[in-house]
Amino acid sequence: MTSPLLHAPLGFGLGLRPPHYAAILDEQSPLGAEIDWFEIISENYMIPGGRPLYFLDRIRERWPVVMHGVSLSIGSTDPLDLDYLRDLKALAHRAKPAWISDHLCWTGAHGAQVHDLLPLPFTEEAVRHVASRVRQVQDVLGQRILLENVSSYLQFEEDEMREWEFISAIAEAADCLLLLDVNNVYVSSVNHGFDPEAYLAGIPARRVQQFHVAGHETSPDLLIDTHDHAVPDPVWQLYRSAVQRFGPASTLLERDDDLPDLDILVQELQLARDHQASSLKAAA
C-alpha cells in the first residue's frame with residue numbers, strides 16, 4: 001500500500017485553531033502529547049507577522065505541520081495567481097510543512113473570489129486544464145501537492161465520467177498526490193446517489209497521502225459539509241473501508257465551527273486511532 005511517491009504517515013492530527021493555542025502549548029497538560037501533528041489553513045498564516053505566526057513557530061518546534069489551502073482555485077479559468085504562489089512558497093519556507101494541499105475546485109473567476117469550494121465538470125477538457133495548472137504550481141513550489149476531493153450539491157449535464165475517474169485522471173496526468181476527504185465522499189454519495197465504496201475502489205492507492213474525517217449537517221433533502229459536528233457512524237464506517245484499501249495514511253480530524261474544547265477533540269482523535277487499528281487488524 002506504500003510507494004516511493006508517498007511521505008511516511010504522520011499519525012493522527014488536528015486542524016490548528018487559535019482558540020486551542022494555549023491548551024496545545026500548556027506543558028502541564030497531557031493533551032498536546034495526544035496529537036501527532038497539525039494542519040494549518042495556509043491563508044491564515046500568509047501574513048507579515050503577528051500572533052498567528054508567533055504561535056505557528058512555537059508549535060512547529062514540537063510538532064510536524066502540513067499546509068492546507070483554500071484559495072488556490074486550481075480549476076479556475078483565471079491565470080494562476082503568482083503573487084499568491086509566492087506568498088505560499090514563503091510560508092512553506094518558514095513552516096517547513098511535511099506537504100502542501102488544496103482543493104480540487106474553483107473559488108472564483110474574472111478576478112472575483114466567492115470564498116466557496118465550487119465543483120468542476122468531470123470532462124476530459126477539465127482534466128487537461130487542471131492537470132496543466134497543477135504541474136505549474138508544483139514547478140513553482142518545487143514539490144508535489146495534494147488535491148482534496150470536495151463535497152458537492154449539483155452535477156453538470158456535461159459530465160463525461162464519474163468523480164473518482166476525474167480525480168484519478170488528474171492525479172496521474174499531473175503526477176500529484178491526493179488528500180481523500182472521507183466525509184466529502186460520504187456527503188456527495190448521499191446527495192448524488194452513488195456507492196461510496198465504488199468511489200474508493202476507483203481512487204489510485206499509490207497516490208493517497210492523507211485522510212480527512214469530519215462531521216456534517218443533515219437536512220431533509222441533502223447532506224451539507226459543515227465541519228460543525230462530531231464524525232458520525234457512517235463516515236467512520238467509510239473511513240474503516242478507506243484504511244483497509246489505502247493503508248494507515250495520515251489522518252486529520254477537521255472541526256471548524258461550533259468548536260469544542262481541545263480535550264473533546266483529542267477524545268475523538270482517539271476514536272480515529274481505534275478505528276484504524278481495528279480496520280488494519282481485520283484486514284490482516
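**View 1. Strand β6 (residues 112-118) gives the largest share of the lining of the largest pocket, five residues.** The model shown is predicted, and local features need pLDDT of at least 70, side-chain atom pairs count only at pLDDT 80 or more, and totals for chains, interfaces and linings use all residues. Residues are numbered from 1 along each chain as its sequence is written, and side-chain values use heavy atoms, with hydrogens and water left out. The largest pocket has a volume of about 590 Å³. Of its 27 lining residues, His103, Asp116, Leu117, Asp225 and His227 are the closest to the centre. By class, the lining comprises eight nonpolar, 11 polar and eight charged residues. Strands (E, at least two residues) and helices (H or I, at least four) are DSSP runs numbered from the N terminus. A pocket is an open set of points on a 1 Å grid over the protein atoms alone, with protein on both sides within 12 Å along at least five of seven lines, and lining residues have an atom within 4 Å of a point. Grid points are joined across faces, edges and corners, and a volume is the space filled by probe spheres set on the points. Ala, Val, Leu, Ile, Met, Phe, Trp, Tyr, Cys and Pro count as nonpolar, Asp, Glu, Lys and Arg as charged, and the others, Gly among them, as polar.

**View 2. The second largest pocket has a volume of about 250 Å³.** Its lining consists of 13 residues, and Gly75, Thr77, Leu120, Pro121 and Ala126 lie nearest the centre. Two or more lining residues come from each of β5 (106-109) and α4 (124-141). Helix α4 gives the most, with three residues. Seven of the lining residues are nonpolar, five are polar and one is charged.

**View 3. Strand β4 (residues 100-103) is covered on both faces.** Ile100 and Asp102 on one side, and Ser101 and His103 on the other, are all buried, that is, under 20% relative accessible area (1.4 Å probe, protein chains only). β4 pairs in the parallel sense with strand β3 (residues 65-68) over two bridges, where pairing requires that DSSP find at least two bridges between the strands. His68 stands opposite Ser101 in β4. From β3 the chain passes through helix α3 (residues 82-95) to β4 in a right-handed β-α-β crossover; with the strands pointing away from the viewer, such a path from the first strand over the helix to the second runs clockwise. β4 also pairs in the parallel sense with strand β7 (residues 146-148), over three bridges, and His103 stands opposite Glu148 in β7.

**View 4. The second largest cavity holds about 50 Å³ of space.** A cavity is a set of grid points where a 1.4 Å probe fits but cannot get out. The lining includes Ser42, Gly69, Tyr84, Leu88, Val137 and Ile145, together with Ile100, Ser101 and Asp102. α3 and β4 each supply at least two lining residues, and β4 gives the most, with three. The lining divides into six nonpolar, three polar and one charged residues.

**View 5. The largest cavity holds about 90 Å³ of space.** The structure holds three cavities of 30 Å³ or more. Among the residues lining the largest cavity are Leu104, Pro119, Phe122, Asn149, Glu163 and Phe166. Seven lining residues are nonpolar, two are polar and one is charged.

**View 6. Ser279 is found in helix α9 (residues 262-283).** Ser279 counts as buried because its relative accessibility is 0%. Residues up to four places away in sequence aside, Ser279 touches Arg240, Val243 and Gln244, contact meaning heavy atoms within 4.5 Å.

Methods. Buried < 20%, exposed > 50% of the residue type's maximum accessible area, 1.4 Å probe, protein only.
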